[in-house]
Amino acid sequence: MRRSGIIAALALLMAVTPLTAQATSTTVKTLTFNIHHGAGVDGKLDLERVAQTIEASGAGVVGLQEVDKYFDARSNWVDQPAWLAARLKMNYVFAANLDWDPAEPGKPRRQYGTLVLSKYPIVDSRNSLLPLHAGSEQRGLLETLIDVNGTPLRFADTHLTTINDGERIEQVNAVVALLEDAPEATLLVGDLNAVPTSAEVKTLTTHWTDTWPEKGLGLGLTSPVPLPTKRIDYQLHSPQLVPTAASIPLSFASDHLPVAATYSLS
């Protein structure tokens with residue numbers, strides 16, 4: 001999705017929204033979850049557990065990381081984005097940051113990346129590949145423009161590198177460049193692979209507010225499950241989003257815990 005495409009979609013959305021809706025706020029529940037391709041802490045592949053975790057959260061907009069699409073035997077060659085969207089009855093956009101040739105001729109391409117699920121219409125989307133160092137894994141920023149009961153929401157989902165701090169800082173700078181001029185309410189979620197005191201997170205929180213310190217209780221540790229020691233999964237919001245709740249739902253569906261939040265969107 002080009003910047004001009006986002007603006008055009010936003011203009012169309014605003015044009016068809018009643019004026020009365022612009023003066024009011026709406027509530028939106030969100031979730032971010034690194035699902036580890038559906039493999040839980042017991043090592044078992046069980047995508048239904050992921051679906052149940054999302055369902056129990058009540059989230060209307062969800063950002064997932066480490067999602068397979070016909071990727072490997074590790075996930076039974078399943079199209080996980082389509083499966084989750086059908087199971088949860090949600091709209092979706094999948095971004096393939098890894099896009100490999102099929103294992104056999106005539107089979108689907110092997111893909112791995114991020115996924116946005118939404119109970120609301122997804123008006124537009126784009127995936128931007130982030131800076132990549134030699135020997136590392138390609139990462140991206142998936143942006144979606146979502147119509148939340150007549151109010152536009154820019155919902156962005158990412159998963160930054162684990163390997164190199166310098167590479168991760170470059171990725172953060174690219175994310176800022178892609179999102180900082182967004183005119184609509186913006187929520188950046190994902191597995192940043194960096195703790196709150198890191199230069200990477202501090203750079204992001206000069207542009208968007210970290211939801212957990214505002215409304216979460218405790219340290220908000222998310223990784224690794226079952227005994228997390230680090231907070232590396234985040235929801236960062238722009239001023240048009242006012243958080244009213246934040247929590248870490250208990251789940252053994254992955255090696256990360258999800259982060260849930262509720263916002264007033266105006």
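Reply: What follows starts with the aromatic rings and then moves out to the strands, the core and the helices.

This is a predicted model, in which local features need pLDDT of at least 70 and side-chain atom pairs count only at pLDDT 80 or more, while totals for chains, interfaces and linings use all residues. Residues are numbered from 1 along each chain as its sequence is written, and side-chain values use heavy atoms, with hydrogens and water left out.

A search of the whole structure finds 2 aromatic pairs. Rings of Phe, Tyr and Trp (its six-membered ring) pair if their centres lie within 6.5 Å; planes under 30 degrees apart count as stacked, over 60 as edge-to-face and the rest as tilted. The ring centres of Phe 71 and Trp 100 are 5.1 Å apart and the planes stand at 40°, so this pair is tilted. Phe 71 lies in the loop between strand E2 (61-69) and helix H4 (80-88), and Trp 100 lies in strand E3 (residues 91-100), so the pair ties together parts that are 29 residues apart in sequence. Helices (H or I, at least four residues) and strands (E, at least two) are DSSP runs, numbered from the N terminus.

Phe 71 is buried, with a relative accessible area of 6%, whereas Trp 100 is partly exposed at 39%. Buried means under 20% relative accessible area, exposed over 50%, and partly exposed in between (1.4 Å probe, protein chains only).

Phe 71 also pairs with Tyr 112, again tilted, at 5.6 Å centre to centre and 40° between the planes. Tyr 112 belongs to strand E4 (residues 110-118), so this pair ties the loop between E2 and H4 to a part 41 residues apart in sequence. Both Phe 71 and Tyr 112 are buried. Phe 71, Trp 100 and Tyr 112 form one aromatic cluster.

Next come the strands. 9 of the 9 residues of E4 are buried, so E4 is largely enclosed by the rest of the structure. E4 pairs with E2 in the antiparallel sense over 7 bridges, and with E3 in the antiparallel sense over 9 bridges. Two strands pair if DSSP finds at least two bridges between them. Tyr 112 is the bridge partner of Asp 68, and Leu 117 is the bridge partner of Tyr 92. These strands belong to an open sheet of 6 strands with the order E3-E4-E2-E1-E12-E11 and mixed pairing. E3 and strand E11 (241-247) stand at the edges with a single partner strand each, so one side of each has no neighbour in the sheet.

Leu 117 is also part of the largest nonpolar core, which has 20 residues; it is among those that touch the most other members, including Leu 64 and Leu 84. A nonpolar core is a set of buried Ala, Val, Leu, Ile, Met, Phe, Trp, Tyr and Cys residues joined through side-chain atoms within 4.5 Å. Strand E1 (26-34), helix H3 (47-57), E2, H4 and E4 each supply at least two residues of this core, and H3 gives the most, with 4 residues.
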